Amino acid sequence: QVQLVESGGGLVQAGGSLRLSCAASGRTFRSDVMSWFRQAPGKEREFVAGVSWSGDNTYDAYYADSVKGRFTISRDNARNTLYLQMNSLKPEDTAVYYCAADRTYSLSYNYHEYDYWGQGTQVTVSS
């Protein structure tokens, strides 16, 4: 099993920045796909960003079009921690942000494909 714990959410003004962290424990593997999803009230959970093992000792990063150029995902294997640096935040970024992982080399944008989830952390962006 894999345990995931998010932190770093909070209230920020539009244009500001936040960095989310996801601490992973348990039987983790560096090849595990790890992604960030978010869910706003009344909306479906949507993919934000993810990383997958490239097979060349590096990770490939993927981003939703809505956050590309503003958010940066990174993974620190020594600390078993996934990060999401969020810059130029907009009110439409307001949501509960979830860290997710799955035992696969291929990244999925569908939240149904992920077996492991954190508890979520609230991000609120005021205008």
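**Figure 1. Aromatic pairs in the predicted model.** Rings of Phe, Tyr and Trp (its six-membered ring) pair if their centres lie within 6.5 Å; planes under 30 degrees apart count as stacked, over 60 as edge-to-face and the rest as tilted. By this rule the protein has seven aromatic pairs. One of them joins Phe 37 and Phe 47 in an edge-to-face arrangement, 5.7 Å centre to centre, with 80 degrees between the planes. The pair links distant parts of the chain, 10 residues apart: Phe 37 sits in strand 4 (residues 33–39) and Phe 47 in strand 5 (residues 46–53). Helices (H or I, at least four residues) and strands (E, at least two) are DSSP runs, numbered from the N terminus. Phe 37 is buried, at 0% relative accessible area. Phe 47 is buried too, at 6%. Buried means under 20% relative accessible area, exposed over 50%, and partly exposed in between (1.4 Å probe, protein chains only).

This is a predicted model: local features need pLDDT of at least 70, side-chain atom pairs count only at pLDDT 80 or more, and totals for chains, interfaces and linings use all residues. Residues are numbered from 1 along each chain as its sequence is written, and side-chain values use heavy atoms, with hydrogens and water left out.

**Figure 2. The aromatic cluster and the Tyr 114–Trp 117 pair.** Which residues form one aromatic cluster? Phe 37, Phe 47, Tyr 98, Tyr 109, Tyr 114 and Trp 117 do. Tyr 114 and Trp 117 form an edge-to-face pair. Tyr 114 is buried, with a relative accessible area of 5%. Trp 117 is partly exposed, at 25%.

**Figure 3. Surroundings of Phe 47.** Phe 47 belongs to strand 5. Contact means heavy atoms within 4.5 Å. Neighbours within four places in sequence are left aside; the contacts of Phe 47 are then Ser 35, Trp 36, Phe 37, Tyr 62, Tyr 63, Ala 64, Leu 107, Ser 108 and Tyr 109. Gly 9 is 38 residues from Phe 47 in sequence. In space, the two C-alpha atoms are 17 Å apart.

Figure 4. Ser 21 lies in strand 3 (residues 18–26). Is this residue buried or exposed? Ser 21 counts as buried, at 15% relative accessibility. Beyond neighbours within four places in sequence, Ser 21 contacts Val 5, Glu 6, Ser 7, Trp 36, Thr 81, Leu 82 and Tyr 83.

**Figure 5. Arg 103 in its loop.** Arg 103 sits in the loop between strand 9 (95–102) and strand 10 (116–117). Arg 103 is partly exposed, with 37% relative accessibility. Leaving aside neighbours within four places in sequence, its contacts are Val 2, Arg 27, Thr 28, Phe 29, Asp 32 and Tyr 116. Arg 45 lies 58 residues from Arg 103 in sequence. The C-alpha to C-alpha distance between these two is 20 Å.

**Figure 6. Loop residues with positive phi.** Asn 80 has a phi near 50 degrees, a positive value in a residue other than glycine. Where is Asn 80? Asn 80 lies in the loop between strand 7 (71–76) and strand 8 (81–86). Asn 80 is partly exposed, at 35% relative accessibility. Ser 88 also has a positive phi, near 50 degrees. Ser 88 is in the loop between strand 8 and strand 9. Its relative accessibility is 41%, and Ser 88 counts as partly exposed.

**Figure 7. The whole chain, for context.** How many helices and strands does the protein have? There are zero helices and 11 strands. The radius of gyration is 14 Å, which agrees with the value near 14 Å for a compact globule of 127 residues. This radius is taken over C-alpha atoms; the globule rule is 2.2 Å times the number of residues to the power 0.38. Along the principal axes, the C-alpha atoms fill a box of roughly 40 × 25 × 25 Å. Buried residues make up 44% of the 127 residues. Among contacts between residues at least 6 apart in sequence, 59% join residues at least 24 apart.
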